[in-house]
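Welcome! Let us take a friendly walk through a protein structure, one region at a time.

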Amino acid sequence: MLAIIGGTGLTKLPGLSITHRQVIRTPYGEPSGPLTFGDLDGHPVVFLARHGYGHTIPPHLVNYRANIWALHAQKVSHVVSVATVGGIHGDLAPGCLAVPDQIIDYTHGRETTFADYGDKPVTHLDFTWPYCPEMRQRCITGLEKAGEGFMDGGVYASVQGPRLETKAEIDRLARDGADMVGMTGMPEAYLAREIGLCYAAVAVSVNWAAGRGDSAEEISPEVIESTLNDVMGRLHGVLKNLACMSYGDEALPGNGGVCSA
Ligand code: HPA
């Protein structure tokens, strides 16, 4: 089954007809909220608002382990993260979309592994390509079918937040090769890899990163707000396309793996 993790601007999934909500207890504490089960255009999905349904959990306090563990425990196989970012690359103006294929992790002090307690042997998992290629391809297909232009690939810089960056920090990220900057990509992507979920992200540029474009002097909350309103409507079609793909759970009611669009 497919899970959708919604970030800033996506605390509710428009068009989701909800069947039930479930509070999941995990060995790692509380997820960001109950998992919301439902149908998107007749196809089952699970939805989780990363920052809580009231958008009250800042990026550095999200319980990424509990979130990923809860999805895994509910037999989720694939995850798409909708991730708002600031655009660093010239093609990532506000309103533009990307399916990143690389990550640089600048976060600190977050719980980064499931394997750090008990007598578990130390593991060093491969993370050369941090996103699941199969889920990336599904995102690409979903975007193409929705007629959306997007950047195929790109380096996502995961920063600590919750503050936005200085211009010098963005200049450094650009020198490091980052194309976009967000606050929640890590450790989420790695935890998904560790637990065996096929995970990819659709990044949504909601502002030029600090010092770039119309953020040369400051990042305007109004720009972020209005871009979010515009883009989230467009994303609905993309998510519907993703939901109607087959995830190996055709026995579930409502999912014949057939897209109505
Ligand atoms: N920086 C970090 N995270 C973000 C930004 C940004 O400019 N925009 C949206 N998420």
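Predicted model: local features only at pLDDT ≥ 70, side-chain atom pairs only at ≥ 80, totals over all residues.

The largest pocket has a volume of about 430 Å³. Its lining is made up of 27 residues, and those closest to the centre of the pocket are Thr8, Pro59, Thr84, Leu164 and Met183. The largest share comes from E5, which supplies four residues. What kinds of residue line this pocket? Sorted by class, there are 15 nonpolar, 10 polar and two charged residues.

Now turn to the second largest pocket, which holds about 200 Å³ of space. You can find its lining by picking out Tyr106 and His108, then Val159, Gln160, Gly161, Arg163, Leu164 and Glu165, and finally Glu169, Arg172 and Leu173. By class, this lining divides into four nonpolar, three polar and four charged residues.

From the pockets we move to the helices. Find helix H1 (residues 64–73) and helix H4 (residues 188–195), whose axes come within 10 Å and cross at roughly 40°. Because of that angle, H1 counts as oblique to H4. The crossing of these two helices is right-handed. Which residues make the contact? On the H1 side they are Tyr64, Arg65, Ile68, Trp69 and His72, and on the H4 side Glu188, Leu191, Ala192 and Ile195. Six residues of this contact are nonpolar, one is polar and two are charged.

The last stop is another pair, helix H2 (residues 133–145) and helix H5 (residues 221–243). These helices pack at an angle of about 125°, and their axes are 8 Å apart. H2 and H5 are therefore oblique to each other as well, and H2 passes H5 in a right-handed crossing. To see where they meet, look at Met135, Arg138, Cys139, Gly142, Leu143 and Lys145 in H2, facing Val238, Asn241 and Leu242 in H5. The residues of this contact comprise five nonpolar, two polar and two charged.

Methods:
Residues numbered from 1 in each chain as written. Heavy atoms only, no water. 1 Å grid on protein atoms, 1.4 Å probe; cavity = no way out; pocket = protein on both sides within 12 Å on 5 of 7 lines; lining within 4 Å. Points joined across faces, edges and corners; volume = space filled by probe spheres on them. Nonpolar A, V, L, I, M, F, W, Y, C, P; charged D, E, K, R; others polar. Axes fitted to C-alpha atoms, helices over the stretch in contact; angles between N-to-C directions. Parallel < 35°, antiparallel > 145°, perpendicular 65-115°, else oblique. Left-handed = near helix turned anticlockwise from the far one by under 90°. Contact = heavy atoms within 4.5 Å.
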